[in-house]
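Please open the model in a viewer and keep the selection panel at hand. The stops below are meant to be visited in order.

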Amino acid sequence: MADIAGASQRPQGRFGPNISTVLAETPKRGRVGVITEHLQWLIGQDGHPWIHELSVIAVEQKLTNTVLRDVVSDVAWLSRDAGEPIPEENKSIPSGVDRDVYRLVEMYAVAQRLRFDFLFQQLYDRCRAWLSETSDALILSCAAMAAMGLRHPDGLDLYKKAIEAPDADKVVRHVALTAVWIGQHIPEQASLMLSLCSDMISKGENDANLYFRRCRAWTRLARYEEALDDIFRAMHMLGHSQNAIHQDYVREWQIILSHMEQERSLKTVVEKYGDEVRERALNQVDDITKELDEKLAKAERLVAENQLQLVQILGLFVALAAFLIGGGVTIGQASGWIQGLITIAGLAVGSLLFFAMLRWTIQYKRNN
């Protein structure tokens, strides 16, 4: 652990050196609020002394990562609201503080400020550099948010690593939820949001913003009644003093109503013009069917014509072959040339009659 001998020269917040006594008398659930109030007095001073003070308190009070992340998130938001510039990473760690703890608080502070300002490229570059030092789940979730905002292909992978990390907590999951909320380019965005929101609610991490996010997932899935339930719950959970956030929720409510009205209008149009469209479609189907039948009949006639011509050619070939073969045999068996001539004439007449009858039959079939 750090040598905190120099803690007496450390920045003095709201409760001064009595912060340890105040925290000892504060229930665990209220510690985040007390520390935040203490550090708020240091916002606006040169060098962001609240980072130093929080690092010392973290060691003294043995704060868990979840508490540390909660405090940094709240103070970073107040810092932004007060117009304080984004912290710069110190090259030299102040004396009297644990170097590793200070470095972690510093990373959290810078990441949260960049996240609140939606400075995706700076956040992505910083997180990528930090991940070479640590595998902290909050840094992973901030990297996922930056990647989603930049539409980088590694956004979804970073998101999954963040929520599956062993040190993932409610702060990590809230940042991851913001990441997937930004990732509208992801086809499964709505289902991912719905799954994570439901998981967080089951863990008791629900707050107004969580229901607001889940409301958006329901809307994208066209489940508007569930969306209305969640946005009303979010507005009910929101404090009376948070008017700006309340207006965001009201706008979301109006968006849901707009989607519902569009769906109702579409159904009305479909019902109004449905019969007419169906009738036109059926008429078109009938016309197409008739056209196809005509083309099919024409094709069948063409095939039949070709078949008849083929039969006619074969008939002529048979008649000619019969004449030649019969004539040859007759001449060979005839006793004289007169008898052979008469026989040949008979075969010729028979062949012509056969061919004529074949032509008449083919013509008859063609006409009928």
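The tour of this predicted model follows.

Begin by selecting helix H2, residues 31-40. Seven of its 10 residues are buried, so the helix is largely enclosed by the rest of the structure. Highlight Arg-31, Val-32, Val-34, Ile-35, Thr-36, His-38 and Leu-39 to see the buried residues of H2. Then display helix H1 (19-24), helix H3 (49-60) and helix H4 (65-81), against which these buried residues pack.

Next, move to helix H11 (residues 208-220) and select Thr-219. With a relative accessibility of 8%, Thr-219 counts as buried. A polar atom of the Thr-219 side chain lies 3.0 Å from the backbone oxygen of Cys-215. Beyond neighbours within four places in sequence, Thr-219 is in contact with Tyr-224, Ala-227, Glu-252, Ile-256 and His-259.

Turn now to the aromatic rings, which form four pairs in the structure. One of them joins Phe-212 and Tyr-249 in a stacked arrangement, 4.9 Å centre to centre with 25° between the planes. Phe-212 belongs to helix H11 and Tyr-249 to helix H13 (residues 243-333), so this pair ties together parts 37 residues apart in sequence. Phe-212 is buried at 8% relative accessible area, and Tyr-249 is buried at 2%.

Phe-232 lies in helix H12 (residues 224-237) and Trp-253 in helix H13. Phe-232 is partly exposed at 38% relative accessibility, and Trp-253 is partly exposed at 27%.

Finish at Arg-213, which lies over the face of Trp-181, 4.0 Å from the ring centre.

Note on methods
Residues numbered from 1 in each chain as written. Predicted model: local features only at pLDDT ≥ 70, side-chain atom pairs only at ≥ 80, totals over all residues. Heavy atoms only, no water. Buried < 20%, exposed > 50% of the residue type's maximum accessible area, 1.4 Å probe, protein only. Helix = DSSP H or I, 4+ residues; strand = E, 2+ residues; numbered from the N terminus. Contact = heavy atoms within 4.5 Å. Polar contact = N/O pair within 3.5 Å; in protein donor to acceptor, adjacent residues only side chain to side chain. Phe/Tyr/Trp six-rings, centres within 6.5 Å; stacked < 30°, edge-to-face > 60°. Lys NZ or Arg CZ within 6 Å of the ring centre and 35° of its normal.
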